[in-house]
Amino acid sequence: MPYTTNDIKNIESKWQKFWDDRRIFHVQIDPMIPKYYVLEMFPYPSGKIHMGHVRNYTIADVIARYKMMRGFNVLHPIGYDAFGQPAENAAIKNKTSPAQWTGRCISQMHDELKKMGFSYDWDRELSTCDAEYYKWNQWVFIKMFERGLAYKKASSVNWCPDCETTLANEEVINGACWRCKTTVVQKDLEQWYLKITQYAPSLLEDLKKLEQWPSRVRAMQENWIGKSYGVEIHFKVKDFAETISVFTTRPDTIFGATYVVLAPEHPLVKKLTAGTSQEKEVTGFIEKAANKSKSFRMSGDQRKEGVFIGRFAVNPVNGEDIPIFIGDYVLMEYGTGAIMAVPTHDQRDFEFAKHHKLPMRIVIEDPKNPSASVEEMGQAYEEAGQLINSGAFDRISNEEAKNKIAEWMQVRGLGKISIHWRLRDWLISRQRYWGTPIPMIYCASCGIVPVPYEQLPVELPKDVKITGEGGSPLAGVRAFVECSCPKCGKPARRETDTMATFFDSSWYFLRFCSAHHIEEIFDKKDVKYWMPVDQYIGGIEHAILHLLYARFFTKFLKDLELLDTDEPFIRLLTQGMVLKDGEVMSKSRGNTVDPDEVLSQYGADTLRLFILFAAPPEDQLEWNSDGLEGAWRFLNRVYQMVEKRYQQPAVLKPKGEESQKKDDADASLERERNNSVKRVTQSFEEGYKFNTAISHLMVLANAVDKYKVDNGNAAKQNLLNQAIETLVLLLAPFVPHVAEEMWQMMGKNEATIARVAWPSFDENALKTSTIVIAVQVNGRIRAQIQVTPDKPPEELRRICLADQGVAKYVQESAIKKFIVVPNKLVSIVV
C-alpha cells in the first residue's frame, strides 16, 4: 500500500520530535573533528514562510545534512532579522506594539520552519530585536565612534515622506522607497554615518580571495566600490578667487571641455549666484532637484536638466572661458560634485549641449570619418582615435594621451593625478522606533558623548505611541530622552534615531557561534573554531548591500583583534527566484502557493524533493503541480520498495554455493549502485547539482525494480538489500523524514540516519566486461557491435568489417577513413 497523507503527518511529526528530544543537531566545538558552517540569510519574521524561504532553507539543509554524513561537525543555525519599518506599519494597522507583533510572527515562523524538518541547532536561535542581541550593536557602534569610524554630519539625504525616515542610496529603487514605493525626496538632516570608505581598498583588493563567490556578485561589489584612476583638474572661476575641482578619468578630452556642470547641492552654487540675475532661477532649480531621488537623477533614461548660473570657468589648458551650469544629473556624493563636459565625446553631455545650444569641439578623430564636423554629428563619438584640436598632443592616440596629458597637467599645477572611489560612507540613521537605539548622548557642555559600556544596552522603551507620523516616536518619550551626561553629570538628552537594520545583519553570523554569550559580543574561541562561514546562501538582491556591510564589519572586528579572519563567507550561493505562470510569486500578483497547503497534502519531504529536482539552485524555479505529484509518486515507490523487497539479514536463507556466483544482472545492479554513489557525491562536491543527483537516484530505483531475486537466494537478496540501503542513504539529505523511517524499517541500529556515514563507491565495480559500439558507414549507423572496453583500432577494424551489416555497405569500396571514438563509435568513410 502506498503511504498516505496521514502516514506522512505521523512520520514527519515523529521524526521531528525525535530530533528535538535528542538534540540531534546541537553542536559544540570539537578540535578533533573538521567543522563546516552552513548558513542561509536569516529571514525577516513576517509570520508565514513563503516558497522563497522554503527553497533557500531547503538548499542549505541538504548541504548541512550531506556534510554531517561526510563526518563534519556542522553548525547550521537560524534566527530572525526582526527590526524594521514593516513591523511598525503592521503594529499601527493591527493596533498593537511592534514587539508584540514581531513576537507573534517569530513564534509562527518558528513553528513553520519546524514543520519543514530543517536541521537547525535550535539552541542558537536568536532575534535581533532582543536587547541581548542589540546590546552588541551598540557596543560595536561605540567602538567605531572611538576610532573615528562613526560620525555625524549634515547632508542632503534621501527621505521617504511616508515612512518618514532616511534611506541609503541603495534603498531607493526607481526613485521610490524600497519598502512602501513612495516617491523619495531630498532633505537636509544631521545624520550618523559609518566610514566604510576607510576600508574601500581592502574591500576591493580582497574580492580576489573570494574565488568561490559567483563572478557576477564580485563584479557588482567591484563596481559599487568603484576605484577610478584619473586627474583632479582645477578650473578657476572667472573674476572670483574660487576654484572648481573636477575629477575625470578622461584627461585626454580636456581640450574639448566646453562647459562645467555643478551638482545643485555644490557649496559654491549659492555663493556664485548670490545677488545676480540668475539667483532666482538657480534657487528654483535647486528646490526642484531636491524633490528628485538620487537614483532618479542618475538614471540613464531621463532627460538631463540644468540651468546656467551666470558665471564662467577657465579651461586650464587653453584659457577659454566656459559657462558653468548646475545639472540634476550631477551628485555631490560622486567625484567632487562637479564635471567637465565634453559633448562631442560623451552622449549625455552631447544631449545636454544640444538642448542648451552650447559650443562643441571634436578632439578625438573618428578614423572612419576623419573630416567629420560638429554640425553633422548626430551623436557623440565615444570610441578610440587620435587627438586633434589638442595643441601639442595632436596625432597621439587618445589612450596614450591620457597619461601624457595627466603628467603634463600635474607638472604645471593645472591638475593632480589621483584615485577616486565610488563608495560613499554608510548612512545608518533612521527616524523610527523599531530599531537599535543609537547609544549617544548630547550634552550642552561636553558635546556628543557615548553611553558608557556598563550602561548598555540602551533599551527601547515599551510605552511608546506609534502613529507613523512626525519622525522618530522616541523623541516624544520624555523618560527615554532626558538623561544625565556620563562625563559631567549635567542634564542631557539621548539620540532618538535608531540604526538601519543592515547594521543588525552585518555580524549575526558571528553571534551564532556563541549565540547567548553574556560577557562579550561573542566567545573568541568559538569564533576561532567556526568562522569563516563555509557556505552562505541567499538572494542575488543582497549582492551589494548586505554582503558588503558584512565584509566591512568582519574587517573592523579583526582590527579589534577579535577575529582571525578578514572575510566572513568562503563560498556563496545565490539561489534563483520561485516563479508561477512565468512571474515571481507575489501576493500582489495573486500567484502565490501556500507552503502550508502543500505540507498538509504532500508533506515536507515531497515539497523538498520537488524544489530540489525542478531546477539547479542558482536558476529560477517554475512552480509545477505535476512535478510535485511526480515527487510524491517517487517517494511512494521507494517506500514500497523498502516495505516489500527489503529483507533483513536474519530472515535470509542461503540456497547453496551457486547463489554466491555473480551473474550479469548482479554486476549491472552493483555497477548502477556504485555509479549512483559516485554521481550523487559529485553533484554535491562540484556545484550542488541537486536535480542531477536526484536523476541518478531515479536511475538507481529503476535498476532495483528490474533486479529479480529468486526466492531464498541469499546472495541476490543481499545485493538487493545493499542497493536499497544505498538508495535510502543517498536520499537522506533530500527527504530526511522518510529516509529515517525507511532506515528504521530496515532494522538499522543507528539512532538517526543523519549521522550514518555517507556511502563510498568502488571504481572497479564501474567497469563493464563488454560495451556496445555503434558503427557508421558514410554517416549512417549500420551496426551495433559488442566488444571489450578499450579495444585497439586494428582489432575494431577487423571486427567491424566482418560484421554483415557493415560489409553490405562497404563491399569492395576503398575505405578513405576509419575513425574511432574510444568506447563509443566507429565511423567508416568509403
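These notebook entries record what I looked up in a predicted model of one protein chain.

**Entry 1: the whole chain**

I began with the overall figures. The protein chain has 830 residues, of which 54% count as buried. I noted 26 helices and 32 strands in its secondary structure. Along the principal axes, the C-alpha atoms fill a box of roughly 110 × 85 × 50 Å. I then looked up the contacts with a separation of 6 or more, and found that residues 24 or more positions apart account for 73% of them.

**Entry 2: the nonpolar cores**

I recalled a general point first: nonpolar side chains tend to be buried together in soluble globular proteins. In this model the largest nonpolar core has 186 residues. Among those with the most contacts inside this core are Tyr-37, Phe-141, Leu-194 and Phe-734.

I then followed Leu-194 in more detail. Setting aside residues up to four places away in sequence, Leu-194 touches Phe-141, Met-144, Trp-426, Phe-503, Phe-552 and Phe-553, among others.

**Entry 3: aromatic rings**

I recorded a count of 45 aromatic pairs. For the rings of Trp-15 and Phe-18, the centres are 5.0 Å apart and the planes stand at 65 degrees; an angle over 60 counts as edge-to-face, so this pair is edge-to-face. Both Trp-15 and Phe-18 lie in helix α1 (residues 5-21), and because they are 3 residues apart, about one helical turn separates them. I also noted that Trp-15 and Phe-18 are buried.

Elsewhere, ring pairs link Tyr-199, Trp-426, Phe-502, Phe-503, Tyr-549, Phe-552 and Phe-553 into a cluster.

Are the faces of strand β15 covered or open? I found that both faces of β15 (residues 338-341) are covered. Ala-338 and Met-340 are buried on one side, and Ile-339 and Ala-341 are buried on the other. Strand β12 (residues 259-262) runs antiparallel to β15 and is joined to it by 4 bridges.

I next looked at Thr-344, which is in the loop between β15 and α11. Thr-344 has a relative accessible area of 0%, and the limit for buried is under 20%, so Thr-344 is buried. Its side chain makes a polar contact of 3.2 Å with the side chain of His-345. Beyond its neighbours within four places in sequence, Thr-344 is in contact with residues including Met-360, Ile-362, Val-374 and Tyr-381.

**Entry 4: a sheet of 3 strands**

I found an open sheet of 3 strands in the order β27-β26-β28, with mixed pairing. The edge strands are β27 (583-584) and β28 (621-622), each of which pairs on one side only. Strand β26 (residues 578-580) and β27 run antiparallel and are joined by 2 bridges. Leu-579 has Val-584 in β27 as its bridge partner.

**Entry 5: helix α23**

I closed with helix α23, whose 18 residues are 714-731. From the first C-alpha to the last, α23 reaches 25 Å, close to the expected 26 Å. Of its 18 residues, 16 are buried. At its start, a side-chain oxygen of Asn-713 comes to within 3.3 Å of the backbone nitrogen of Ala-715.

Conventions:
Residues are numbered from 1 along each chain as its sequence is written. This is a predicted model: local features need pLDDT of at least 70, side-chain atom pairs count only at pLDDT 80 or more; totals for chains, interfaces and linings use all residues. Side-chain values use heavy atoms; hydrogens and water are left out. The expected span of a helix is 1.5 Å times one less than its number of residues. Buried means under 20% relative accessible area, exposed over 50%, partly exposed in between (1.4 Å probe, protein chains only). A polar contact is a pair of N or O atoms within 3.5 Å; within protein, one must be able to donate a hydrogen and the other to accept it, and residues adjacent in sequence count only if both atoms are side-chain atoms. A nonpolar core is a set of buried Ala, Val, Leu, Ile, Met, Phe, Trp, Tyr and Cys residues joined through side-chain atoms within 4.5 Å. Contact means heavy atoms within 4.5 Å. Two strands pair if DSSP finds at least two bridges between them. Rings of Phe, Tyr and Trp (its six-membered ring) pair if their centres lie within 6.5 Å; planes under 30 degrees apart count as stacked, over 60 as edge-to-face and the rest as tilted.
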